[in-house]
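Please look at the structure below before reading on.

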Amino acid sequence: MRVRRAAVPVLLWCLATTASIAVASLALRPVLHTAVPSDSLPVPAAEARGPGDLIPQPGLPPPSSVVPAPPTSGGSPATPRTSGAATPPPAKVTTAAPARVVDGWTVTTGGDGVDTFLRSFRSEGGDAVIRIRDGAVSLVTATPRDGYSVSRGQTEPNRLVVQFISNGGAAAYLVDAMWWQGAPHGTVTRIGT
């Protein structure tokens with residue numbers, strides 16, 4: 001009988017811990033859902049890195065030319081040696097143009113020459129980060145403040161509306177971003193009291 005009594009607090013602790021994990025998971029689900037844009041696709045690391053990211057170090061052979069030496073009979077660890085293969089020429093290193101700010105938007109130019117506009121919008125209802133590239137507007141992140149929920153609406157690629165709505169419904173903040181007449185535009189509007 002004593003063993004059963006000793007197990008009761010442990011079982012109650014396990015039950016309370018499981019319940020708190022379940023509640024926390026349900027509470028974080030909307031936040032995590034809005035943190036990942038629905039139009040994002042997974043990209044392999046090699047493709048994301050690109051060939052210009054690997055910069056050869058002077059005095060070191062490229063990684064492809066290092067070949068392990070055969071094991072020695074003296075028990076000492078084998079040391080790598082370079083192969084007789086020709087060393088490829090170093091990859092061309094391209095530097096991106098420095099970022100500049102235009103009307104509150106941070107503008108960077110990619111290697112393909114296309115400008116990307118990025119801007120963070122803050123309101124009492126929450127924060128949103130929006131990206132515009134090639135005239136297409138996309139949501140990077142939207143984080144509501146305590147007491148607010150977030151939703152997004154996009155009926156066409158060149159316009160996006162992020163809504164931070166109070167849980168009581170008394171107030172809302174709209175972040176409206178669009179690509180219009182060859183330039184990015186964004187506003188924050190408060191609705192309600």
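Thr 116 has Arg 133 as its bridge partner in strand E6. The two strands involved here, E5 (residues 115-122) and E6 (residues 126-133), run antiparallel and are joined by 7 bridges. The model is a predicted one.

Both strands belong to an open sheet of 5 strands, in the order E3-E4-E5-E6-E7, with antiparallel pairing. Strand E3 (100-102) and strand E7 (136-144) are at its edges and have a single partner strand each, so one side of each lacks a neighbour in the sheet. With direction ignored, neighbouring strands of this sheet are turned against each other by 25° on average.

Another open sheet has 4 strands, ordered E8-E9-E10-E11, and its pairing is antiparallel. Its edge strands are E8 (148-156) and E11 (183-192), each of which pairs on one side only. From one strand to the next, the twist averages 15°. Within this sheet, E10 (residues 171-180) pairs with E11 over 10 bridges in the antiparallel sense. Ala 171 lies opposite Gly 192 of E11.

How confident is the predictor? The pLDDT averages 75 over the protein, and 64% of the residues score at least 70.

Conventions
Residues numbered from 1 in each chain as written. Predicted model: local features only at pLDDT ≥ 70, side-chain atom pairs only at ≥ 80, totals over all residues. Heavy atoms only, no water. pLDDT = per-residue confidence, 0-100. Pairing = 2+ DSSP bridges. Axes fitted to C-alpha atoms, helices over the stretch in contact; angles between N-to-C directions.
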